Amino acid sequence: EFRNDFLELLRRRFGLCKVDETPKGWYIQYIDRDPETIRRQQEQERKKKQDLDDEEKTAKFIEQQVRRGLEGKELEEPVYTELNRENEEEKVAFNLNKGASTSVAASSKTSSVLGPSALKMAEGAVKRKESAHSSGQSKEKKKKSALDEIMELEEEKKRTSRTDYWLQPEIIVKIVTKKLGEKYHKKKAVVKEVIDKYTAVVKMIDSGDKLKLDQTHLETVIPAPGKKVMVLNGGYRGNEGILESINEKKFSATIIIDSGPLKGRRVEGIQYEDISKLA
């Protein structure tokens, strides 16, 4: 009876755990109320919402470009002109073998060149053809431009893509949870192993002790300019870099990529939480 009352007190009054009675016994799940943990969870939710907003914007942009492309495929109405002849006694004959038209006088039955009206018609047809060709090139250019914009948008999305996990081996981290006592709080360690993306086995730098911690109990370490770091999130994830400078007001940094095909690229505005010092 005392045990039941005690568990009920923990659940209702203090909100420290979830308690369920099952056929196999009591099931107790601890609820982490540490302010630092709650802050990190809220930050992760904010990032997830931002990623969803970016995906919706990309989908809407692609839909607009597809709609524009379909509208551009509408057929143009043909333009008809009247055939005028200055001499009513003159007739127009078409030679299909030679592919040319000749004007034959009815009185002399001799071949002559096309009359002025026919020449004007031919010139008009050529101009319409050139205009249609020019219009087609313009539309093709617009389509290519739209495709380029989509590709650039996808590249930007890839570059800024984020995940809710960031741990990497051989980075230096700081322990922020107070549950382990003052011996480990705010102390630095090296990540030796990453388990299931969200958990790390770390080795304390000062004592050499090994601990197994969730990523919510750790934070990144920003070194002095000129030191090596690793990118932990976004499109440059996994690349090593050299810290060039930091912006304390915006909590961001500028780095020079130092590995892979992007070596030498200067990247600005990387958040503190997306890079960490290399061991």
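Let's start with D196: does it count as buried or exposed?

Mentor: D196 counts as exposed, because its relative accessibility is 66%. The cut-offs are under 20% relative accessible area for buried and over 50% for exposed, with partly exposed in between, using a 1.4 Å probe and protein chains only. Before we go on, note that residues are numbered from 1 along each chain as its sequence is written, and that side-chain values use heavy atoms, with hydrogens and water left out. This is also a predicted model, where local features need pLDDT of at least 70, side-chain atom pairs need 80 or more, and totals for chains, interfaces and linings use all residues.

Back to your residue. D196 sits in the loop between β7 and β8. Strands here are DSSP runs (E, at least two residues; helices are H or I, at least four), numbered from the N terminus. D196 isn't a glycine, yet its phi is positive, at about 55°. That's worth a second look, because most residues other than glycine have a negative phi. The hairpin of β7 and β8 that holds D196 has three residues between its strands.

Now follow the strands on either side of the turn. β7 covers residues 188–195 and runs antiparallel to β8, with six bridges joining them. Strands count as paired when DSSP finds at least two bridges between them. For one of these links, find V194 and look across to its bridge partner in β8, A200.

β8 itself covers residues 199–204, and five of its six residues are buried, so the rest of the structure largely encloses it.

Carry on past β8 and you reach another hairpin. Here β8 is joined to β9 (residues 210–214) by five bridges, again running antiparallel. V202 has L211 in β9 as its bridge partner. The hairpin of β8 and β9 has five residues between the strands, and G208 there takes a positive phi near 85°.

H185 counts as buried, because its relative accessibility is 14%. If you leave aside neighbours within four places in sequence, H185 is in contact (heavy atoms within 4.5 Å) with I175, V176, T177 and K178. The C-alpha atoms of H185 and H217 are 9.8 Å apart, although 32 residues separate the two along the chain.

F251 is another residue other than glycine with a positive phi, near 50°. Its place is in the loop between β12 (240–247) and β13 (252–257). F251 counts as exposed, because its relative accessibility is 51%.

Finally, zoom out. The protein has three helices and 15 strands, and 24% of its 279 residues are buried. As for the predictor's confidence in each residue (pLDDT, from 0 to 100), the mean for the protein is 75, with 58% of residues reaching 70 or more. Be careful around residues 98–115, where pLDDT stays under 50 and the model has 27 contacts beyond four places in sequence. Where pLDDT is low, the predicted coordinates should not be read in detail.
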